[in-house]
Amino acid sequence: MGLFNFVKEAGEKLWDSVTGNGDSARKGKIEEHLKKAGIPGADKVDVKVEGDKVIVSGDGLSQEEKEKILVAAGNVEGIKDVEDQVSVAAGETQSKFYTVKKGDTLSAIAKEVYGNASLYNKIFEANKPMLSHPDKIYPGQVLRIPQ
């Protein structure tokens, strides 16, 4: 549990200045986004939006499901922070998180974090279904980096 920071100006655009002003409208858009992404466990969490912060709560999820939900909720344009109030079973290893910089590739990130560029697919698989292709990452995007 804790607070995760994201780049507010980066991410998927779910609302515009006309339709997305209210927190309840944003809550619905983020819930829809999580379900549309097909993230397992998305139906087990409650989402609350307070300005540029998303609060995710729930239980009965694996560590991986929780992390994917938090990353998907934060990689939305206009969201700066995601507060984690999701409980998981003890003992599961927590992933690290990496914010993509301009010029990054999954292989360059794998080289930096694992010491081996050919392990890029491990990062890609850990971020499915949010990533549809290894070449489709963008600056400001936060990725899960499994151990």
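I started at E67: setting aside neighbours within four places in sequence, I find E67 in contact (heavy atoms within 4.5 Å) with T93, Q94, S95, F97 and R144. I am working on a predicted model, where local features need pLDDT of at least 70, side-chain atom pairs count only at pLDDT 80 or more, and totals for chains, interfaces and linings use all residues. Residues are numbered from 1 along each chain as its sequence is written, and side-chain values use heavy atoms, with hydrogens and water left out.

**Entry 1: E67 and Q63**

I place E67 in helix α2; helices (H or I, at least four residues) and strands (E, at least two) are DSSP runs, numbered from the N terminus. Buried or exposed, I asked of E67? E67 counts as buried, at 2% relative accessibility. My cut-offs: buried is under 20% relative accessible area, exposed is over 50%, and partly exposed is in between, with a 1.4 Å probe and protein chains only.

Which side chain does E67 touch through a polar contact? I found that of Q63, at 2.9 Å. For the term, I take a pair of N or O atoms within 3.5 Å; within protein, one must be able to donate a hydrogen and the other to accept it, and residues adjacent in sequence count only if both atoms are side-chain atoms.

Q63 belongs to helix α2 as well, which spans residues 63-74. Q63 is buried, with a relative accessible area of 6%. Beyond neighbours within four places in sequence, I list V88, E92, T93 and Q94 as contacts of Q63.

**Entry 2: E65**

E65 is also in α2. Leaving out neighbours within four places in sequence, E65 is in contact with I39, P40, G41 and G60. A polar atom of the E65 side chain lies 3.0 Å from the backbone nitrogen of S62.

**Entry 3: the cores**

Next I looked at nonpolar cores, meaning sets of buried Ala, Val, Leu, Ile, Met, Phe, Trp, Tyr and Cys residues joined through side-chain atoms within 4.5 Å. The largest has 23 residues, and I30, L34, V54, V56 and V82 touch the most other members. Two or more residues come from each of α1 (23-37), β2 (45-50), β3 (53-61), α2 and β4. Which element gives the most? I get α2, with 4 residues.

I checked L34: leaving aside neighbours within four places in sequence, L34 is in contact with I39, A42, V47, I69, A72 and A73.

**Entry 4: helix α3**

In α3 (residues 106-114) I find L106, I109 and A110 buried. Why are they on the same side of α3? They cover an arc of only 100 degrees around the axis, which puts them there; the arc is that of the directions from the helix axis to the C-beta atoms. The general rule is that an α-helix has 3.6 residues a turn, so residues three or four places apart point the same way.

On the other side of α3, I see K111 and E112 exposed. The buried residues of α3 pack against β5 (96-99), α4 (120-126) and β6 (142-145). After α3 comes G115, with a positive phi near 80 degrees.

**Entry 5: rings**

I searched the whole structure and got 1 aromatic pair. F4 and F97 form the pair, edge-to-face, at 5.2 Å centre to centre and 65 degrees between the planes. For the search, rings of Phe, Tyr and Trp (its six-membered ring) pair if their centres lie within 6.5 Å; planes under 30 degrees apart are stacked, over 60 edge-to-face, and the rest tilted. The pair links distant parts of the chain, with F4 in β1 (residues 2-5) and F97 in β5, 93 residues apart. I note F97 as partly exposed, at 29% relative accessibility.

I find Q85 in strand β4 (residues 81-88). Q85 is partly exposed, with a relative accessible area of 35%. Q85 and E83 are joined side chain to side chain by a polar contact of 2.5 Å. G2 is 83 residues from Q85 in sequence, yet I get 7.2 Å between them in space, C-alpha to C-alpha.

Last, I looked at K128 and P129: a cis peptide bond joins them, with omega about 5 degrees. P129 is in the loop between α4 and β6.
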